[in-house]
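Here is a short tour of a protein model. Look at the sequence and the fold, then read on.

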Amino acid sequence: MERYVCIHGHFYQPPRENPWLEAIEIQDSAYPYHDWNERIAAECYAPNRASRILNSQARIDQIVNNYSRMSFNFGPTLLAWLEHADPQTYQAILAADADSQERFGGHGSALAQAYNHMILPLANRRDKRTQVIWGIRDFELRFARRPEGVWLPETAVDLETLDVVAEQGIKFTILSPYQAKRSRPLGGRAWRDVSEGRIDPTMAYQIRLPSGRSLALFFYDGPISQAVAFQGLLEKGEYLVGRFLSAFSDTAKHAQLVHIATDGETYGHHQKFGDMALAYALHQFESQDSTRVTNYGQFLELHPPSQEVQIHENSSWSCVHGVERWRSNCGCSTGGHPGWSQAWRAPLRDALDRLRDRLCPLYEEKARDYFKDPWAARDAYIDVVLDRSPENIESFLSQQAKRKLDRDETITALKLLGIQRHAMLMYTSCGWFFDEISRIETIQVMQYAGRAMQLAAELFGTDFESSVLEGLEGAQSNIPELGSGRRVYERFVKPSVIDLPKVGAHYAVSSLFEEYPEIARVYCYEVRREDFKVLQSGRVRMALGRIEVTSGITRESSSLIIGVVHLGDHNFTGGVRTFKGIEEYEALAHEIEEVFSRGDIPELIRTVDKSFGLGTYSLKLLFRDQQRKILEVILDSTRAEAEALYRRFYEDHSSLARFLAELGLPVPKPLKMAAQFLLNTDLRRAFDSSQIDVTRIQSLLQEGKMALADLDVSGLEYAARKALIRLAHEFEQQPEDLARIQTLNAALDLVATLPFEVNLWEPQNLYYEVMRRLAPDLHAKACAPDEASRAWATGFMRLGTKLHMAVPNGDGPES
């Protein structure tokens, strides 16, 4: 009988965007990357679009797009981030699905996913429905087709969830074998107990639902999936191939599908080079006559279910207690902190459930004033989430609103929908998955709740926060100084709350360091200058003016007067107030400008304080990325002063440091710290230079070695990698330029001597594309009578060798 293979990757990251900015702020724990999305994209999502298959000499023979041969789903919020942050990987994912349709009989390999990874069995039917509809609509707009299958977050399932999925025309989903309860042949009467993972995972099953609908279910191979995720099966592609082949039965009388499902991040992020093991395995399966690579849609068409199945309701793939991991202290955790309690999960969920149940009737009642059907409008709101242009908002309202809405009504309508969006985002599963309530994932869901409450308070004039905080008091942190969830909320969520005046304050401060156009984009806000000037007297600078700030999400706007004084270093004073009229503004501006012109700084500060009163702001309230950027500017002179002191100190005593190192004696800590600071600073500067000075870098490394200075390996590897990428792009743009080949060759020679490994992934990709274009000409150039052509061919082949590529040697066969 036929033997099929399918590998599914569930690619997902929790939404990390600041709910008020609609952007991810810098996350220091992801260093040297900006944030965890960026880091995991570099380690997993990008490598899988250009994965390596090695030849027998361990050189790169092929670079392939794994997505086109595997089954996969991407979380919609992750795809939204990739679309803007890594468009090359995003486009490769879309192209892979199109390619898979050609490969697998018209069936694309991409699956949809319930929108923001809510645990659906714990949701009400209305939220289940919207989550599935949003996931499908997001998929359609990106992949330009209707999805056949859907991934359920954490494979968490109950019959109502499956009915909602079937209602939307979805054909199948994937579950853990431990979620199957009993099975029988279609049309049969006697059920067979298949619980505890005893179901045969090599076929598709049908589940009949109470509504009369039905759905196909696939149960992945549990032992192989477990071995891939946690037992090192990806150490070698051969191991993965062997394990798959051993799962086929020689006595089976039906077409067999051996398939696995794991987190997609297994292939590169959790398991380094896991993408290469995957690429090798898929290549081997495709090369063998005994197996056929497929996807679920194709297999379902070729071999529809012959068995009926029932499931364990309220079950999932990552909690042996069902779905308790997301609502109780069930004992499931990441295991990093033995003895920690997750009793905080229940009060957190209870607090959010109570908030949701308060918001829903208020939304429904008020939304009826604006929409034909409040819940149909919420289902359709995903189109606005994906495109917030004024034209698209107008199109959405023309379809959903009862009548033509005026400006204020439009703002109210969008705020109502924003409440509902954040009331769903606050249930993102990762908020409960880990060990501690103060982790960034749980803070994130509390921020979504905070944004929902802020919008609701503006519309309904009701305090929602007190009730939630009261509930969070019962959610005890495992970190004594944090106390309860209430303290976590007050410490980490409240300071994040943003309104239009705070956006104005951010703009005012940052305008002293950044040149803004007349109409500027500040995250999801538009700032329009009505009147603006920067005053300067010595070190003191002041931004003063009138601006209009408009939210791109709710379309709400506010006219503001801004005035911020920079007194030097991190010292700022100033404020924001509502613009009430041109006469008041001109009088205020005239008074402040007059005081400023006299250079009377104490009087200036008093005047600003008097003019802006309780609206005073400081550098602390800048949004995190811009705050970091401005502090870097402010610290430049301080850093330069410290560097000069360190350098003078080290140069005076460097010979002593080298002498002590030669004797094997410890270098005094102050001297070692100076050496480390200077070494890492100078190396980073050298790598960032437009021209890489190989001799200088080698000299610095030798000096650091003699002084026993520790390197910032992560930061320096990142800097060296970026330098190589820059040179590789220059080569790729003009590959016939021998000088560029020689420059890149020299840089690779240097990299080979570094005391740490540098990731060559992107230079390899660029070289591979050039090689595919120029390989036919390589032999002619290698044998050409002119020395320049032969030098180019030699340099090109050497470059490939240093990049670990299988390079044609100019005579035809690969070297």
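Leaving aside its neighbours within four places in sequence, which residues is Gly9 in contact with? They are Met70, Ser71, Phe72, Asn73, Thr262 and Gly264. The model is a predicted one.

**Around Gly9**

Gly9 sits in strand S1, which covers residues 3-11. Its relative accessible area is 0%. Buried means under 20%, so Gly9 is buried. Phe74 lies 65 residues away from Gly9 along the chain. The C-alpha atoms of Gly9 and Phe74 are separated by 8.6 Å.

**A mixed sheet**

Next comes an open sheet of 6 strands. Its order is S7-S11-S10-S14-S8-S9, and the pairing is mixed. Which strands stand at the edges? They are S7 (172-175) and S9 (192-193). Each has a single partner strand, so one side of each is left without a neighbour in the sheet.

S8 spans residues 180-185 and runs antiparallel to S9. The two are joined by 2 bridges. Ser183 has Arg192 of S9 as its bridge partner.

H5 lies across S7, S10 (205-208), S11 (214-219) and S14 (307-311). H5 runs at about 115° to S11.

**Two helix pairs**

Two packed helices are described by the angle between their axes and the distance between the axes. The table gives both values for two pairs.

| Helices | Angle between axes | Axis distance |
|---|---|---|
| H4 (residues 125-143) and H5 (residues 159-167) | roughly 40° | within 10 Å |
| H17 (residues 465-472) and H18 (residues 485-493) | about 130° | 6 Å |

Take H4 and H5 to begin. The axes cross at roughly 40°, and the helices are therefore oblique to each other. The crossing is right-handed. H4 brings Arg125, Lys128, Arg129 and Val132 to the contact. H5 brings Glu160, Thr161, Asp163, Val164, Val165 and Glu167. How do the residues of this contact of H4 with H5 divide into nonpolar, polar and charged? There are 3 nonpolar, 1 polar and 6 charged.

Now turn to H17 and H18. They pack at about 130°, and are therefore oblique to each other. On the H17 side, the contact is made by Glu465, Leu469, Glu470 and Leu472. On the H18 side, Gly485, Arg486, Tyr489 and Glu490 take part. This contact of H17 with H18 divides into 3 nonpolar, 1 polar and 4 charged residues.

Strands of a sheet pair through backbone hydrogen bonds, either parallel or antiparallel. S17 (residues 540-551) runs antiparallel to S18, with 10 bridges between them. Leu544 stands opposite Gly563 of S18. S17 and S18 form a hairpin with 5 residues between the strands. In this hairpin, Arg555 takes a positive phi near 70°.

S18 also pairs with S19 (residues 571-578). That pairing is antiparallel, over 8 bridges. Ile562 has Val576 in S19 as its bridge partner. S18 and S19 make a hairpin too, with 2 residues between them. In its turn, Asp569 has a positive phi of about 55°.

Terms used
Residues are numbered from 1 along each chain as its sequence is written. This is a predicted model: local features need pLDDT of at least 70, side-chain atom pairs count only at pLDDT 80 or more; totals for chains, interfaces and linings use all residues. Side-chain values use heavy atoms; hydrogens and water are left out. Axes are lines fitted to C-alpha atoms, for helices over the stretch in contact, and angles run from 0 to 180 degrees between N-to-C directions. Helices (H or I, at least four residues) and strands (E, at least two) are DSSP runs, numbered from the N terminus. Angles under 35 degrees count as roughly parallel, over 145 as roughly antiparallel, 65 to 115 as roughly perpendicular and the rest as oblique. A crossing is left-handed if the near helix is turned anticlockwise from the far one by less than a right angle, and right-handed if clockwise. Contact means heavy atoms within 4.5 Å. Ala, Val, Leu, Ile, Met, Phe, Trp, Tyr, Cys and Pro count as nonpolar, Asp, Glu, Lys and Arg as charged, and the others, Gly among them, as polar. Two strands pair if DSSP finds at least two bridges between them. Buried means under 20% relative accessible area, exposed over 50%, partly exposed in between (1.4 Å probe, protein chains only).
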